[in-house]
Amino acid sequence: MALTVWASSTANALRISCASKPHLPLAFSFSRCFSTVLDGLKYASSHEWVKHDGSVATIGITDHAQDHLGEVVFVELPEPGVPVSQGKGFGAVESVKATSDVNSPISGEVVEVNSKLTEAPGLINSSPYEEGWMIKVKPSSPSELESLMGSKEYTKFCEEEDASH
Amino acid sequence: MRGPLKLEVWKMGFVNYLEALKLQEKLVSDRKLCRIPDTLLSLQHPPTYTLGKRRTDHNLLIPESELKNIGAELHYTQRGGDITFHGPHQAILYPIISLREMGLGARNYVEKLESTMIELSSLYGVKACAGKKCETGVWVGERKIGAIGVRISSGITSHGLAFNIDPELEYFKHIVPCGITDKEVTSLRRETSTALPSEEVIQEQLISCFARLFGYNTVVQKENPSILSDHEEIA
């Protein structure tokens, strides 16, 4: 895992796309742009992921998103207790002098935020699916998950988006 | 490959900062709903200091109360980046474009904005380059000639770039520009020995560089661009 983190940070510093990360223990699939996409998560077209675990859903941005953003230097997160709506912004990240809104893939109530991101915003780059998680939400409409993409669909979506430029 | 890319350019002349901000908010909303094509605002501001989302006001070196005395305003914004100054003779571009439709991420977008200013500088024999890591912007040696600060909301951009043609550089002494100490700010006037044409020509060249770098094959100019709606008036 340490080697993966190092490689990712170096890649970001050199501003090249991250190579695929075969060391991760979880199942994954590759996109042509070599960003990691994990099975078992659901994905929004605005490049956020959600992991539904019983009564709590964890949300963050994808490897594809962090790669396209560049080095994250600042993260703005909501307070616990705040409601979120599917497709609406809940926070923002800043990288390369650009603030980018982050949208929630599902509706619900924020129950926890990742306070580590205040001191270490780069966790979003080095570990977008694990240590770089952003908020945990109590979902209000679990059926919303069905409208999101699975890993294969999201991989294809990224490929098509990157091919269009 | 995608179909033809259209850009609509609004040449707005001199615009108050808040008015330009309100206009951008409206245009971003219209662009999200696909009511308008990719749009580019070209303008200049009266003396204005602005802060980004991180609110780094420790980089303003004079008290806010002093700003009126030097004829400047201060505004807090949601854009990325640190404190900066905008003023007369500084060419500003605010692209309101859909990055998703272009397949661009924030990093590539900002790199293209840097390239836009680098290309313009080269027209006057000035060798500018992009900043190193953490120093986004355009530099001539150790001197900064162009600044960038952007907001991306659901894939639609606002704010943009500011290129120093010949602004009053004294205004930059009241801030730590972009939060970077020990680096100077410069202008096209200072860096080139070529005689400069009118600012209108330079701004037009900046627009052309932008359009070419972003691959727009149709560029139209909006007739009578105005910050006003039909029923408003400027006070």
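**Entry 1: a strand pair in chain A**

I began at Tyr43(A), which stands opposite Trp49(A) in β4(A). I noted that β3(A) and β4(A) run antiparallel and are joined by two bridges. I take two strands as paired if DSSP finds at least two bridges between them. Strands (E, at least two residues) and helices (H or I, at least four) are DSSP runs, numbered from the N terminus.

The model is predicted, so I record its terms: local features need pLDDT of at least 70, side-chain atom pairs count only at pLDDT 80 or more, and totals for chains, interfaces and linings use all residues. Residues are numbered from 1 along each chain as its sequence is written, chains are lettered from A and ligands numbered from 1 in the order in which they are written, and side-chain values use heavy atoms, with hydrogens and water left out.

**Entry 2: the open sheet**

I then traced the sheet that holds this pair. Six strands of chain A form an open sheet in the order β3-β4-β5-β11-β10-β7, with antiparallel pairing. Its edge strands are β3 (42-43) and β7 (83-84), each of which pairs on one side only. In the loop between β4 (48-53) and β5 (56-61) of chain A I found Gly54(A). Gly54(A) is exposed, at a relative accessible area of 59%. Here exposed means over 50% relative accessible area, buried under 20%, and partly exposed in between (1.4 Å probe, protein chains only). I also looked up Lys88(A), 34 residues from Gly54(A) along the chain; the two C-alpha atoms are separated by 23 Å.

**Entry 3: chain A as a whole**

I counted five helices and 11 strands in chain A. Of its 165 residues, 52% are buried. Among contacts in chain A with a separation of 6 or more, 61% are between residues 24 or more positions apart; contact means heavy atoms within 4.5 Å. The accessible surface of chain A is about 7400 Å², and carbon and sulfur atoms supply 57% of that surface. Accessible areas come from the Shrake-Rupley method with a 1.4 Å probe, and for residues only the protein chains shown count as cover.

**Entry 4: the β8-β9 hairpin**

I examined β8 (residues 89-95) of chain A, which runs antiparallel to β9(A) and is joined to β9(A) by six bridges. Within this pair, Glu94(A) stands opposite Thr99(A). The hairpin has two residues between its strands, and Val96(A) takes a positive phi near 35 degrees. Strand β9 (residues 98-103) of chain A has five of its six residues buried, so this strand is largely enclosed by the rest of the structure.

**Entry 5: the interface with chain B**

I followed β9(A) into chain B, where it pairs with β9 (residues 143-153) in the parallel sense over three bridges. Ala98(A) has Val150(B) as its bridge partner in β9(B). In total, 25 residues of chain A are in contact with 30 residues of chain B. The area buried between the two chains is about 2400 Å², of which carbon and sulfur atoms give 46%; buried area is the accessible area (1.4 Å probe) that two parts lose on being put together, summed over both. I found four salt bridges across this interface, counting a side-chain nitrogen of Lys or Arg within 4 Å of a carboxyl oxygen of Asp or Glu. Asp101(A) forms a salt bridge with Arg151(B), the closest N and O atoms being 3.6 Å apart.
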